[in-house]
Structures are given as C-alpha cells and as structure tokens.
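Welcome! Let's walk through a few questions together, with the answers worked out step by step.

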Amino acid sequence: MIVDLIEAFYRLLWGDLFTLPVAGGIGISFMVVLLFAAGIGFTLRTRLLPVRLFRDMIGAVCEKKQAAGGLSSFQTLVISTATRVGMGNLVGVVAAVSAGGAGAVFWMWVTALLGASTSFVESTLAQKYRVPDPLYGGWRGGPAYYLHVLAERKRGKKLRRSVCAALFAVSGLICWCGISQVISNSVSSAFENAFHVPPLATTVVLTLLAALIVLRKNATVKSLDFIVPVMAVCYFVITVGIVVLNFRQLPAVLARIFAEAFGLRQVAAGGFGAVLMNGVKRGLFSNEAGSGSAPCAAAAAECDDPVKMGLVQALGVLIDTVVICSCTAFLMLLVPQEITAGLTGMNLLQTAMQYHLGSFGIVFIAVILALFSFSTFLGVLYYARGNVAYLCGDNWWSQTAYKLLALAMLLVGGTQAYTVVWDLGDVGIGLMTIFNMLALVPLSGEALTALNDYEKRKKIK
C-alpha cells in the first residue's frame, strides 16, 4: 500500500502531466512546468541576471570572509557544487544525449541560464533570513526558515513551527536519505565493473570513510574544501585536454548540437520532443535550482550583502550545467557515432572514455564517479543540519541520529538497490521544490529590491 502510494505520487510529480500535440508529442511533467515557469519569470524580472552580472558573480566568489565564524563565499560554492556535481553529471547527461541526441545539450544550456536566476532569488532570501547556529557556530538557514518568516507574517504572530516549513524540512531529509542509497549503489557498481571489487567491500569502505568525516564536528566542510576543487579540476582538465586533441572535430560537434536542437529532421521524425524535454529535464535536475537545497549552504556564509551570495549560487548553477555537464557531453560527441551506436548509460560513457584514453579511461570514470558521489553525500548531510535543527531544536542527539540513519542507508544501498527508496528520494525533492516555490513567489520581490539596491550602490562607487 505504502509502496503503491509512493510510486503514484512519483508519477504525479515527474510523469507526463499532459502532452503537447506538436512535433510527435512533447510530454510535460508538473515539475518541469513549475521549475521552467519560475526560471523564465525570475530571469525576466532580474533582466537576464546571468548575462548582465557574470563579472559580479566571479567577484563575489573571490571575496574574503567578512568575519570569524561561518563560511566564506568560496566555501559555500564548494558545498553547493558538491551536491550539484554528482553522478547526474555523468550518468544523467549520458541518458539525456542517448535519448535526446546532441541537441539536448543546447537545451541544457538554456535551462542553466534560467535556473541561475531562480538560484539567485532563493539564495539571497536564505542569506537574508538566516539565524545563528549555536551548535556548529556561524549561521544556518534555508527555505524552512524563510517559509517560517512568511507564515508568521500571514498569521500576524510568532510561531514555534510553521507547517509548510516543517514539511519542507521533512521532505529534504527524506530526499537526502534516498540519495544516500543511490550514491553507494552507483559507486559499488562502478568499482565492480572497473576493478572487480565486490560491492560489499566497496560499500563498507565508503561508509567507514563517510562516518569518520560526518561524525566529527567540522570535518565535512574541510573535506569538501579539498575533494571538490580536486575532482572538478581533474575532470575539467582531462576533458579540455581531450577537446584540444580533437579540436578539428569541435566545429562539427557544435554544429551538430545546434542543428539537432532545432533541426527539421528531428521535428519531421517526431523526435523534437525527446530532444527538448531530455535537455530541459537534465538541466533542471542537475543544477537543483528551485529545489531549496543550495540555499541551506548559502545561509551559512559570512557575507556583507545577501545579493552577493545569490550571485555566488547563480554561478554554481552555470558551473554545474554549462561546464561540468558539457564536459561529459563533449566526451561522447567527439567519438565517432558508429562506435557508440546502440550504447546507453555507463556503457556509453565508458566506451567513449576508452576511445579517448584507452583502458585508463574506464578507471578514470570509476574514480571520478566515486569522488562526485562521495562529495554529494557529504554535501547533503551539511544541508541536513539546518532542517534537523528546525524540526528538533539545537541538540546533538538529533543531528547524530540523522547522520547515523544516512550512513545506514549508505551501507544498505551499496549492496541492494531498492527502487522504491530511490522513488521516495525523487518524491522528496519534488515536495521540497513545491514548498520552496510557495515562499519564493511571494518573497521574490524582496530579492529583486535587494538586487536593485546593490546595482545602485555599484553605480555610485
């Protein structure tokens, strides 16, 4: 009964809500409607913020921490990037290109530009309505906290808990437990294929390493400060190296991306819907803009202006989709089509890497997938801090209990794939997005006012 309910709710959120009768039929899900509409609205209201203020995004990341305690702008970017840059940047992009062709990459880029504005609004609000964190020091916040503020305004009195805020917090904790299972299962499968290591051995080692980090007070941020830049730079450098070595093919690949994004051949064959929706869904799911995850990190930053943190997180969306996801796409598209014909999933990616780097390519992908996934686990447990505190108050027992639960899910997931738990994770992130949007729409004017004030001060300077 519970399993059927979870699967039905999953289909309601992520399945096709309706089908547009054009180009062979384009299935549209409720979540795509919600996120895409928000992205378009916020992009227009911020006057194409990702394009206009790109230099300001770079400048905001490079700013030093304003005071002791809390995180620097760069550290919050690292944490949010850790969760955005996960296995979805590998397997998810492969799936999008497999189903939607090269044109799906273009629609990923479009979605990233729209998602950056959404991320700006939610992260600016998180920074504005943060609260002190007596357990870990510094600050904490996120959608649960600005949902609480909105509820107090509507009720006209102080509240101990808000129903919507509590539901967001619970949805997030459910989602992140589901992600723990997906992470360990993906890593154990990759290591079994690449190194023939038994899944149980990989899972035990992964869980022990995670426990050593997350059960210590401030080890999570320090670990991510090292892991994320190393893995992102390594993946980026290897990919750029491959692109440079194949630079003669690059114009043809770019032409293929743009041609298939709008190509008459796809429309005539009834495949344009697959191209469009696979690109849009991949972009939306990868960068997490609107889901309310990244604001949990944004709130922890020591920053003299909430707008700067919004700009930092907007840049994070572009890094995830335009840079990292594009790296994966180019790796595949630079391989002759006859070599990858008929391949999907990790087989396609591993074949592409083997074409470029020989046997080292398979090993490299397995290691990078492990690093991407492990950093995602550490990042979501950092996000969970604020949600657990909102629900249970400032105490160590509740924080430790959730960490132990997530570690148990990590251990179980590496040896057995429970698809219902994965669906539950997707339901969790869907509910997070819905509750987050309930606050973003009415409060977005405050973020836009802050942006206008920021730009006025910048002109005066």
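Q: At what angle do helix H2 and helix H7 pack, and are they roughly parallel or roughly perpendicular to each other?
A: In this predicted model, helix H2 (residues 30–45) and helix H7 (residues 103–128) have axes 8 Å apart and pack at an angle of about 75°. Angles of 65 to 115 degrees count as roughly perpendicular. H2 and H7 are therefore roughly perpendicular to each other.

Q: How many nonpolar, polar and charged residues does the contact of H2 with H7 have?
A: On the H2 side, the residues include Phe-36, Ile-40 and Phe-42. They meet residues of H7, among them Leu-113, Leu-114 and Val-121. By class, the contact has 7 nonpolar, 5 polar and no charged residues.

Q: Which parts does the aromatic pair of Trp-109 and Phe-258 tie together?
A: A search of the whole structure finds 8 aromatic pairs. Trp-109 and Phe-258 form a tilted one, with 6.2 Å centre to centre and 55° between the planes. Because Trp-109 lies in helix H7 and Phe-258 in helix H12 (residues 250–262), the pair links parts 149 residues apart in sequence: H7 and H12.

Q: Is Trp-109 buried or exposed?
A: Buried means under 20% relative accessible area. Trp-109 has a relative accessibility of 18%, so Trp-109 counts as buried.

Q: Which residue lies over the face of Tyr-136?
A: Two arginines can be looked at here. Arg-130 lies over the face of Trp-139, 4.1 Å from the ring centre. Over the face of Tyr-136, at 3.7 Å from the ring centre, lies Arg-385.

Methods:
Residues numbered from 1 in each chain as written. Predicted model: local features only at pLDDT ≥ 70, side-chain atom pairs only at ≥ 80, totals over all residues. Heavy atoms only, no water. Axes fitted to C-alpha atoms, helices over the stretch in contact; angles between N-to-C directions. Helix = DSSP H or I, 4+ residues; strand = E, 2+ residues; numbered from the N terminus. Parallel < 35°, antiparallel > 145°, perpendicular 65-115°, else oblique. Contact = heavy atoms within 4.5 Å. Nonpolar A, V, L, I, M, F, W, Y, C, P; charged D, E, K, R; others polar. Phe/Tyr/Trp six-rings, centres within 6.5 Å; stacked < 30°, edge-to-face > 60°. Buried < 20%, exposed > 50% of the residue type's maximum accessible area, 1.4 Å probe, protein only. Lys NZ or Arg CZ within 6 Å of the ring centre and 35° of its normal.
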